[in-house]
Amino acid sequence: MKATMEDSAVGEEVLQFVTFTLNKEQYAVDILNVQEINRVTDITRVPNSPAYVEGVINLRGKVIPVINLRKKFSFDENPTNETSRIIIMEINGITNGLIVDSVSEVLRVPSSIIEPAPPMSSDLGSTYIKGIAKMEDRLIILIDIDKLISGTVQL
Amino acid sequence: MSDEMEEIISEFITEAEESLDRIEPLFVELEQKGEDKDLLNDIFRSMHTIKGAAGFLGFQTMVDVAHASENIMKKLRDGELPLAKQLMDVILKSIDMLRLLLTHLKSKDGIEEDVSPLVKELGSALNNAMSKSVGAPQTTQAAEPVEPSAQEITSQQTGGSIQSVNTPGLTFNTTERDADVSHQKTQTVSVTESPEHIAEDINQPPPPEENNLKAPEQAPKSPQQRPKESAQNLRVDIERIDKVMDLAGEVVLVRNRLLNISNYFDLRYSDDPMTETLMETVSFLDRVTSEMQLAVMKIRMQPIKKVLSKFPRLVRDMSSSVNKDVELTIYGEGTEVDKSVIEHIGDPLTHILRNSIDHGLESAEERIAKGKPPKGNVVINTYQKGTQIVIEISDDGKGLDIEKLKKKAVEKGLLTEEEVKRMSDETATEIIFMPGFSTKEVATQLSGRGVGMDVVKTNISLLNGYVEVSTEKDAGTTFKLCIPLTLAIIQALMVEVSGSKYAIPLSPIEETLKVSKQDIKNITGQNVIVIRDKICPLFELNQLLDTGFNGHDDNDSGHKYLVVIAMGDKKFCIAVDKLIGQEEVVIKSLDGIDTASSNVLGATITGDGKVVFILDVTGMSRNLLGVGKN
């Protein structure tokens, strides 16, 4: 929660997020972590890997792992379709992809409307939630991508 | 720290490390050759350069160490002190310290080493040596002019080599290598000779500018002077080369795709004249790409000398700790290998050398009793054979005692009596690579703890290479390491199982077989197959990889393809649906994936842009059969 506290201390700082949907919910990741957004291409399954590791893709000659966020968050599985995207992010020098249902928009959020995550049952993956942005008409769940990735792949 | 400063420091570190790497073997050479002015000068100069640069950058500890050892070096160079093992030891210690300091500097860990004990040791070693040599006849300070016609030559008892020549303003010292200082009693022989004759007698006169030689004839330039390193070299950041390497790898992949596409056009539009042009262009691209890939790979190649140069020192230290006199000869140190091989080959070689010196070579008395020369020989021979690099380490020691090996293996519970009985002598030599194996009753400083040789095997197989041992009683043992020239590209067998392709490194594959399913037998839950009267365990690849194998075979042909893998003397088969063929694949690293548990060692990208995993058969065999398990 450290990051959130720091953010609010700065006052009216505006943060930018890439928002996406997952199981009809709105999620967001810090735009600074996002490298690019791709359509879902050929994915090669990794032998003996956890189910949420969807596989690896060929990103212009680099082999990068792709994580299925639905499986990671224990939502119902949904086959990838036209709107599905892979968000390519670089975390701690390692490039990863996240499969999401669809990517919505880039959102500017004043840090003042971000609240720390309420206590939730831990199996909902609440450890990976950095905070919740209270927009006028909806709530957006901000994902702590560092924690998500480091708790998922081998660094 | 500003970027500029950082750059200067990192350059200093690189240069200092190179200097240390370069002069270290010179010490051993010096000990063997006796006092050689050129060598001494070379070492002195390098040490001085390090000191100067360190002083400029403000690394006081480094300056202190370099200065103290330089003091000794100066006395040695100026012939005021005879060469002695004690002095060598402390100077080598100071080199180790400099290395340590450089390591701290490089990792920026801020750890300060206390160098004062070492500086003190260096100082007292110098004082001791000085006080010993005072009054010794050969250390006459060239202060008093002597009549030029009356030269005094001090020759050493051992073989009468010239140990020191006193001419006006000049003292030469050439000492036979002698481990025991007490033997360095010298006999003074006075000879009257013309000065010119003396100049001839001294086989390696120092360069004139380094001392005040007043011989009537200008000393000829030393024939052994090291040729100046060509100025055509360019120091390039390794990251840049790796980048070029990556890009070249990508061009290879694009070429493969283009080849596929052009073949498609060739089939479809063979009557169109442009198709032929396309085919020609692509085949030209194909050739150029292959050449480019080779050229880029050559950039990363370095002479294996980089690793081997530390061994003379290592052997010197090891042999003195077990009280054996060992001579190390190195051939083919100019053989070039990929940087990655250089980085990984050091440890295995050290273990083998240690084994040869500690276990292989006999003590001097034993050797004499066997009619061998008292001095043991260890030879490292490196050469290229096809696309492989071969490193042979041979000793002329007692050889492996097969019976003893077998007995020990049974005692330690590594093998059963049954297994041992069935072993041929050849396969029995593999016992030494078993984890936990040691024939030494007591662990010495050098070896005997039962770790080491299995590390050799593991490390070499990490490099996709293999180890062979040949031994003959009382004639010696030879370890032969065969490693592919580069790690970036490997030959692989492409196979298919449950619709996905996998690559299996070619080196551990013994053969491939097509068998009928009825030949596969099941013994207590384990599938086996009989190959030429030998039972071989069989594993389904899709089970090993957990690719959603449902227990039923989709392939109804009644046949199975088997890939027979040999790891040492153990064999196993991997059953696959299809054999596709042999291919040269570029290994891509897998960041972010736990390769240890997934039985893959990397991935490659095929001509159609798909990712294909390269299977880690070494890891598999470890998991399946317990071969090389730690």
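1. Helix α13 of chain B, which spans residues 402-411, contains Ala409(B). The model is a predicted one, and the points below should be read with that in mind.

2. Is Ala409(B) buried or exposed? Ala409(B) has 22 C-beta neighbours inside 10 Å. A residue is called buried when 20 or more other C-beta atoms lie within 10 Å of its own, so Ala409(B) counts as buried.

3. Which residues does Ala409(B) touch, once its neighbours within four places in sequence are left aside? The contacts are Leu414(B), Leu415(B), Val420(B), Ile431(B), Met434(B) and Phe437(B). A separate distance concerns Ile432(B): this residue is 23 residues from Ala409(B) along the chain, and the two C-alpha atoms are 8.9 Å apart.

4. Chain B also has paired strands. Strand β8 (residues 376-385) of chain B runs antiparallel to strand β9 (residues 388-395) of chain B, and eight bridges join them. Within this pairing, Tyr383(B) has Val390(B) of β9(B) as its bridge partner.

5. Strand β9(B) pairs with strand β11 (residues 476-484) of chain B as well, again in the antiparallel sense and over eight bridges. Here Gln388(B) has Pro484(B) in β11(B) as its bridge partner.

6. In chain A, five strands make up an open sheet with mixed pairing, and their order is β3-β6-β7-β5-β4. Which strands lie at the edges? They are β3 (34-39) and β4 of chain A, each of which pairs on one side only. From one strand to the next, the twist averages 30°.

7. One pairing in chain A can be followed residue by residue. Strand β6 (residues 85-91) of chain A and β7(A) are antiparallel and share seven bridges. Ile91(A) stands opposite Ile94(A), which belongs to β7(A).

8. The two chains touch each other. How many residues does each chain bring to the contact? Chain A brings 17 residues and chain B brings 23 residues. On the side of chain A that touches chain B, β4 (53-59), β5 (62-68) and β7 (94-100) of chain A each supply at least two residues. The most comes from β4(A), with three residues. By type, the residues on this side of chain A are eight nonpolar, seven polar and two charged.

Definitions and conventions:
Residues numbered from 1 in each chain as written. Chains lettered and ligands numbered in written order. Predicted model: local features only at pLDDT ≥ 70, side-chain atom pairs only at ≥ 80, totals over all residues. Contact = placed C-beta atoms within 7 Å. Helix = DSSP H or I, 4+ residues; strand = E, 2+ residues; numbered from the N terminus. Nonpolar A, V, L, I, M, F, W, Y, C, P; charged D, E, K, R; others polar. Pairing = 2+ DSSP bridges. Axes fitted to C-alpha atoms, helices over the stretch in contact; angles between N-to-C directions. Buried ≥ 20, exposed ≤ 12 C-beta atoms within 10 Å, placed from the backbone.
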